[in-house]
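I want to note what I looked up, in the order in which I looked.

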Amino acid sequence: MTTPKEMSSAQMAECPVQIEDDRTGLSIETLRRALADNLFYIQGKFPGIATRNDYYVALAYTVRDRLLQRWLNSLRLSTQPSVKVVCYLSAEFLLGPHLLNNLINLGITEQVQQAVEESGLNFWDLVAQEEEPGLGNGGLGRLAACYMDSLASLEVPAIGYGIRYEFGIFDQEIRDGWQVEITDKWLRYGNPWEIPRPEDAVEVKFGGYTEAFTDMQGRYQVRWIPDQVVKGIPYDTPILGYQVNTVNTLRLWRAEAPESFDFEAFNVGDYYGAVDEKIVSENITKVLYPNDEQLQGKQLRLQQQYFFVSCSLQDMIRMHLQAGGSLDTFHEKYAAQLNDTHPAIAVAELMRLLVDVHQMGWDQAWAITQKTFGYTNHTLLPEALEKWPLHLFEEMLPRHLQIIFEINQRFLDMVRMHYPHHGEKLARLSLIDESGEQRYVRMAHLACVGSHAINGVAALHTELLKQDVLRDFYELWPEKFSNKTNGVTPRRWLALINPQLTQLLSQVIGNHWLKHLSELRKLEAYVENPEYRAAWRQIKQTKKQELADRIQKMLGILVDPNSLFDIQVKRIHEYKRQHLNVLHIITLYHQIKQNPSLDIQPRTFIFGGKAAPGYFMAKLIIKLINAVGEVVNHDPDVAGRLRVVFLPDYNVTNSQPVYPAADLSEQISTAGKEASGTGNMKFALNGALTIGTLDGANVEIREEVGEENFFLFGLTADEVSDLRARGYHAFEIYQHNEQLRQVIDLISSGYFSHGNTDLFRPLVDNLLHQDPFLLLADYQSYIDCQARVSQAYRDQDRWTRMSLLNTARMGKFSSDRAIQEYCDQIWGAQSVPVELSEYIQTNAVLQVKSGD
């Protein structure tokens, strides 16, 4: 074999050396060199003094470098006049860690792992080092993250707009069974994935008053004189699609004072006053969703919502004009989606910007505004449909209140033409709620009036919106309404969290399913294959063992991986009915106490989730779960047959080992209360069976997987309405159901609270005398259904078939499908592939052309 030394110059010319750019190359040698360079030149460290975090940051920059060429090409493409850009406005983006997700989407996990380990480092230690951006409370923010992933994977140009909270959702600790909130300092070591763009800063106004005047052309104009101005600084994070070159932008805004230091105040000895403006301004983006029970909390929440919306719309207008566009075509360039009511103030703000700042006529501005916005409703709970006191709105956003009054007057004039003698309907449709002593601005109404499309997030949810919550708007504009059932990205929620199952799937059906989830249907051909079922069972057992090891390490609780893993992880809320699950646990426990030799299917009950800091009843439910666990886990009569575990600090990172390990997924909300849910999809995608009500997306999951592969219980949404209409008396159910009475009495007796009969009294009293979410009405149906679960689990072959079919039939619930529907039916957005040029060393120099 000829070596390079023996080759002639002519031979070498015929075989040129392939040179890789250190910032884009993917060979092991290039990756190792890039890692070393980033440690040295970015972190300023050498191995002798570098920390694990230094190595993680160096690795993150190494991976981010491989995104930048794609990112900048995607940005360049999105500025072309013919390319429509989706702008997703959301107060929450619960992204989860970036590193592993980006490696999977780039398709370089194995190369990078090898490069890291050949450098003498532990790859998984560096993965675990990443701080999770806690920029969301739960499902809403996680859905936004899935949708950003799918937009990029479908090669649709998009910008996600939100808030760069300095402190995200609190870290949760459990002390003496109670939730304790700890500050989430996710930015303490910096964030290597983001790039600050201070040159794109915008100013946002608050408070003050307005002045009306006539301009030089005789037109009526309004000038807003604010008493506070805040600067919005954008921070951009790349969002890479799966196995494509498209990288979209998540642009999050941080609030800052225009002047951070007042020298005049400082010079006269007012040291605190010198930085007061900085503190007040930066408070706006200090923390995710303040506790808004107090007026100050409400003010801050409204400030947050207006701040990020104003920043985003100003940014969109700037980019459009900068690229040579006209505001007449703003709606043709951008499709803006309002993710629930939090960004609904965007309707009034775009009108202000077009009419007041850019002197556009009202009618033209209103037509553009309506064509720009779509509104996604995410809730059926009246308290979650935001309303703001009129006086608060007037103090903080005086010009916007005037604009809302004008929108409302014109809207109600139109309504009167349709319904001339329907005063009650006008009152219900009005953007201003005047039904009580205090008047409110209805944000959902503003979103409905100011958008060309309104959608729910599951078939049942959308029907209930039409029938109840938004019925009057549906009767007025039926053409605006559609359903877009939620979905989840299979890249994170299967490929990343369950690589063993991913490999098993791809062995028999290929890996095309990661972009076309409906291809999972091909799995049905292997349901009757005993070897495949055995491999499926073994992977589930492995994931259960991994979770059991994690629980023992974290909490010191020994759980049996051969038991049925019965899991309910989600935000703690009464309508999600974690306490119904607890009633089942106590029922089983009571049966064991009555008959210690009872043959019972061993179960491990696993809970996880956070309660809003001001939500007392939700916090009491967490305490009850832990109190029951303390008794059950230490009772020798139970003999390990039941275990109760509460996983603290449930977030994206901590959820990733949970979904693959579940046997049973608890989706037990009161029918008609859950808009959709996405945890139900993640569990089923990983082969868990669902026990649930006909609520949210459960209805469609059951239709897809087959009713024989779903454990159904409880009242339907119609039956819930009928029961309430007839008069619901929870106490009568308690009196007539002996088993239920024994369970409730065990709680109220102090059995789970060291004899303290007052501790859980608010919870018990609420169930017996109000029971707003009908736990007692559904109790017996739930207990009977759980008995069917236990019976089915004893037949492991049958259970495995059901598990396999759940995964095989989850194709509908991909976020790719949901986003394609939005693109086709609401946004009018197209896929625009991004092309990359090969690296040529002679071209790798800066060449600035005139006009660039």
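Which strands does helix α24 lie across, and at about what angle does α24 run to β19? Before answering I note that this is a predicted model, in which local features need pLDDT of at least 70 and side-chain atom pairs count only at pLDDT 80 or more, while totals for chains, interfaces and linings use all residues. Residues are numbered from 1 along each chain as its sequence is written, and side-chain values use heavy atoms, with hydrogens and water left out.

**Entry 1, the sheet.** I found that helix α24 (residues 578–594) lies across β18, β19 (603–608), β20 and β21, and runs at about 155° to β19. Helix α25 (residues 616–632) also packs on the sheet, where it touches β19 and β20 and makes about 145° with the direction of β20. Contact here means heavy atoms within 4.5 Å; axes are lines fitted to C-alpha atoms, for helices over the stretch in contact, with angles from 0 to 180 degrees between N-to-C directions. Helices (H or I, at least four residues) and strands (E, at least two) are DSSP runs, numbered from the N terminus.

I then read off the strand order, which is β20-β19-β18-β21-β22-β23 in an open sheet of six strands with parallel pairing. At the edges are β20 (642–647) and β23 (711–712), each of which pairs on one side only; two strands pair if DSSP finds at least two bridges between them. Strand β18 (residues 564–569) runs parallel to strand β21 (residues 664–667), and two bridges join them. Ile567 stands opposite Ser665 in β21.

I noted 35 helices and 23 strands in the chain. The C-alpha trace spans about 95 × 85 × 60 Å along its principal axes. The radius of gyration of the chain is 29 Å, which agrees with the value near 29 Å for a compact globule of 852 residues; the radius is taken over C-alpha atoms, and the globule rule is 2.2 Å times the number of residues to the power 0.38.

I looked up the second largest pocket, which holds about 1200 Å³ of space. Its lining has 38 residues, and Ala128, Arg550, Thr653, Gln656 and Pro657 lie nearest its centre. Helix α23 gives the largest share of this lining, seven residues. By class I noted 16 nonpolar, eight polar and 14 charged residues, where Ala, Val, Leu, Ile, Met, Phe, Trp, Tyr, Cys and Pro count as nonpolar, Asp, Glu, Lys and Arg as charged, and the others, Gly among them, as polar.

On a 1 Å grid over the protein atoms alone, a pocket is an open set with protein on both sides within 12 Å along at least five of seven lines, whereas a cavity is a set of points where a 1.4 Å probe fits but cannot get out; lining residues have an atom within 4 Å of a point. Grid points are joined across faces, edges and corners, and a volume is the space filled by probe spheres set on the points.

I noted eight cavities of 30 Å³ or more, and about 150 Å³ of space in the largest cavity. Of the 15 residues lining the largest cavity, Leu95, Asn101, Asp149, Ile239 and Arg492 are the closest to its centre. Helix α7 supplies the largest share of that lining, four residues.
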